[in-house]
Amino acid sequence: MREQAEPGVKVFPMSEDAPMLASEAVGPAQQEASGRYSSTRTPASVALEAAGRALAPPERAGEPAVTLDNVKVTFGEHVAVRNVTLALPARQVTALVGPSGCGKTTVLRAINRLHDHTGGRVEGTIRLGDVDVYAPDTDPELVRARIGMVFQRPNPFPTMSILDNVTSGLRFNGIRNRALLREAAESALRHAALWDIVKDRLHQTALRLSGGQQQRLCIARALAIEPDVMLMDEPCSALDPVATEKIENLITNLAREVTIVLVTHNMFQAARVSDNAAVFLLDEDRVGELVEVGPTVEIFDSPRDERTKQYVTGHVG
Amino acid sequence: MIGAAPSQWPGEEAATRRDWQARERRRPIIQASARRSLGRRRRAGRFVQVLCVLAAAIGLAPLVALVYYTAERGLGGLSWSFLTQAPVPEGIPGGGISTAIVGTGEIVGLALVMAVPVGLMAALFLHERRGRLATAIRFGADLLTGVPSIVIGIFAYALLVRPLHHFSNLAAAFALAVLMLPIMIRADEEAMRTVAVDLWEAGVALGARRSRVARSVVLRGALPGLVTGNLLAVSRGVGETAPLLFTVAAPSFAMTMLIYTDGTQPFPAEQQTAWTTALLLLLFVLVLSGIARLVAWRLTRRAR
Amino acid sequence: MTALSGASNLASVKAAIRHRHARRGGRAYVVLRWAAAGLFVAILAGLVVSIAVDSSQAIAHSGIGFLWSGTWNPAANQFGAGILVVGTVVTTLVAMIIVVPVGLGTAAFLSELAPRWLAGPLSTAIDLLAAVPSIVVGLWALLVLSPVFANYVEPFFKSVPALGWFFHGPAYGPSILLASVVLAVMTLPTIVALSRTALSGVALADREAAMALGATHWQVVREVVFPGARSGIAASLTLAVGRALGESIAVAMVIGNSPSVPHSLLSPGATLGSAIVNQFAEAEPGIGTSSVIALAAVLLVLTLIVNAGGQALLRGMGPGRLRRRGRDRVTKAAA
């Protein structure tokens, strides 16, 4: 069942009634291998917790990984951003562009419910796959476990070693198996182009790394939980051009397997790296809103909206 | 990657393919583990939450109990005559603590006269000089704040009581001054430092010479902070007993001493005196702290 | 942050420039400042010297064994600080066992759980506890707590089988347990204030990184916030120990002044501070007084070491603003 020859098609036999364990979801050839680190339980004990819901990743490439429908985010009296209706295609890089203060980061953080503790109220619908992120019976922790996030300034956990940093997400989610943790860490670090640099100092503090390396560590940390979507909030803004270039290459490579949403105020970066672009601007009431969205080539070459044209040709923002 | 079709299978490299397979294996395991452990993780959090609320309740209890019992037992003895009459010998009913109130006022007043100017000048010294001496003095002040008050009392005894062969309010005032001095120095310097930064620019921009600007301007601007810091130091000094143990001539000259000597006696009348005196002391200290905090709060509010 | 509005800024600066005194008094001010600094240094030095000198007689009499010799019996001319050091350590230790969970839990509540409208007033209330004079705490402990302990608390602990050894024997009222509780009450504000500053000071970015990985609130606190606040919490504990070591009058009122080996937490005992309070008046001039002053010397050295350590930890808490907030809290807690 696993060895599909067709590229880009993943079959995840997961629905509300399906068993949750990998060992039960894969074919017999894989079962022995995965038995190494899955803790098998009796069928009776593998009952779904009522509070959890299966989060099924998209089945086909091209089907959106995340959809936003008429999303509006308010802080107290102040509306930060509104009229956001957007579909983020799976395994592509979508850049959220626009000048600062137009709500790009606000929208990004709404996707993984980071506004829960900052007092922002999110209206409208956000779906991850076919799950309503803000439904009353959706657990925010589980949503966030399917989404990886990289912040503007690198923020590795200062009191943890490099290895502990990378495995932190796995450990938070209850994974204790050492072999699995090590395997996941190495894979994530390789994907972040960091393995060769840190493989001999996994137990050192993360703070000795340079800024660009720290940011790649944060990317590795987010990758380790095998998310479906990666949210990146201006990941290169605190970095020098060399480090920026490395991370842009990373993004391009990662996009083959993970959906990436990238907030950037740098139009050139968006042009270099993204497949699609969503333009955010301030409307007349100085409230951010989504003006236009489409393939990056179109947005930059032949935008439909007049405001987009102004922004892209540098008249605004 | 503009315009490329999404997701081509990257390559034939076996390693990459193995890695992809491994990750595909891991993903559902991770998600399952997240889901499975969520209940346990949340329950742990709720348990700790309960413990923390309990801890906070226990933490608040002593203050509540202290204020409550001191008020309950002390109010009974509070009267105008209590405040204005001198103490009478043991066993005879009546009398008050006027000598103690006056004595405490004298002692603390003397201590302030000694400590406030020195503290201010020393703080100015620290504020305007850099260098090792200033750092050493700062370190010394921090250490002195941690010296037990009883040790300071013994110091005052050795310096002012023994050589002169008699106890005195002066010695007591000296002990309190030594106690309050380091607190005042640090608080004063802190108040100045916060103000100085902005006023430097204003002063220097107007062409004033640095040394002139420092003194008057910084002092003027730091006034609220200075008041706060000194008030807090005073409230600490008023409540001290140990330094007075070795320096006052008689317990009836200081409120804290009176509480100690009367409170430890098995007679209800004396204990009542102790409670009422304690209530007066507590009220005074709380009001003083409250004023200091109010001034500090207004100061930070104006700053916004 | 500007402390004054722009208008009064300019006004005060102009006034200062015009102020003649500022020009003329320059030299006098310099002299005064140096005098004050010198006076302060003299006081510090004088303190150490006079204590050292006055205790020399006792050290000469009892030898260096004074520090650990176990008997304190002035009547028999035996002066050993050992038993008192033990008493000091035991009361401080038990006090820490009581106050650390309560203090850290309260700090965590204030920093992580309490809504803003509650955290402020509650935090102020705990700080006010620091302002309560130690004699009032002692009085309350002696006249209110002691009977409660004798009638309810101590029998309760006696009945718990596992703790039996700690609580056996007759209870007369004054006890090590009571003294430890008093110390716990007095050190609580220090721990809560500093730990709360340390916990709140952990960067939001680190918390959010953990949340974004799927951690629950408690996981964020346990894995990111507490470890990040480590040095601040260590500073608070150290300074609390320093405060507990030096507390004498309140302890003296409830500990029973009995410098002998305690049979359990319920027996009376003595600490360095309580012994100085209780013995000074009756000490015979010469050897007696000198020995009591020698106790003060031991206490001084102990507290200096612990407080220096605490201050060093406070410095390690982080650069600039955070450290200043921490030190402000120490000043306020000390005041």
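In chain A of this predicted model, helix H8 (residues 211-223) lies across strands S6 and S7 (229-233), running at about 170 degrees to S6(A). S6(A) belongs to an open sheet of ten strands, whose order is S5-S4-S1-S2-S10-S9-S3-S8-S7-S6. The pairing within this sheet is mixed. Strands S5 (131-132) and S6 (147-150) of chain A stand at the edges; each has a single partner strand, so one side of each is left without a neighbour in the sheet. Further inside the strand order, we come to S3(A) and S9(A). Strand S3 (residues 93-97) runs parallel to strand S9 (residues 276-282) in chain A, and four bridges join the two. One residue pair can be picked out here: A:Leu96 has A:Ala278 in S9(A) as its bridge partner. As background, the strands of a sheet pair through backbone hydrogen bonds, either parallel or antiparallel.

Two helix pairs show the meeting of chains B and C in detail, and helix H1 of chain B takes part in both. In one of them, the axes of H1(B) and helix H5 (residues 116-131) of chain C come within 9 Å and cross at roughly 45 degrees. The two helices are therefore oblique to each other, and their crossing is left-handed. From H1(B), the residues B:Ala56, B:Gly59, B:Leu60, B:Pro62 and B:Leu63 meet C:Leu122, C:Ala125, C:Ile126, C:Leu128 and C:Leu129 of H5(C). The residues of this contact comprise nine nonpolar, one polar and no charged.

In the other pair, H1 (residues 14-75) of chain B packs with helix H6 (residues 134-159) of chain C at an angle of about 75 degrees, and the axes are 10 Å apart. H1(B) and H6(C) are therefore roughly perpendicular to each other. Here B:Leu66, B:Tyr69 and B:Thr70 of H1(B) meet C:Val136, C:Val137, C:Trp140 and C:Val144 of H6(C).

For the complex, the predictor gives an ipTM of 0.86 and a pTM of 0.83. Chain C averages a pLDDT of 83, and 86% of its residues score at least 70. Among the elements of chain C, H8(C) has the highest mean pLDDT (96), while helix H2 (residues 20-24) has the lowest (45). Over residues 1-7 of chain C the pLDDT is below 50, and this stretch has ten contacts in the model beyond near neighbours in sequence. Residues 320-324 of chain C also have a pLDDT below 50, with six contacts beyond near neighbours in sequence.

Notes: Residues numbered from 1 in each chain as written. Chains lettered and ligands numbered in written order. Predicted model: local features only at pLDDT ≥ 70, side-chain atom pairs only at ≥ 80, totals over all residues. Axes fitted to C-alpha atoms, helices over the stretch in contact; angles between N-to-C directions. Parallel < 35°, antiparallel > 145°, perpendicular 65-115°, else oblique. Contact = placed C-beta atoms within 7 Å. Pairing = 2+ DSSP bridges. Left-handed = near helix turned anticlockwise from the far one by under 90°. Nonpolar A, V, L, I, M, F, W, Y, C, P; charged D, E, K, R; others polar. pLDDT = per-residue confidence, 0-100.
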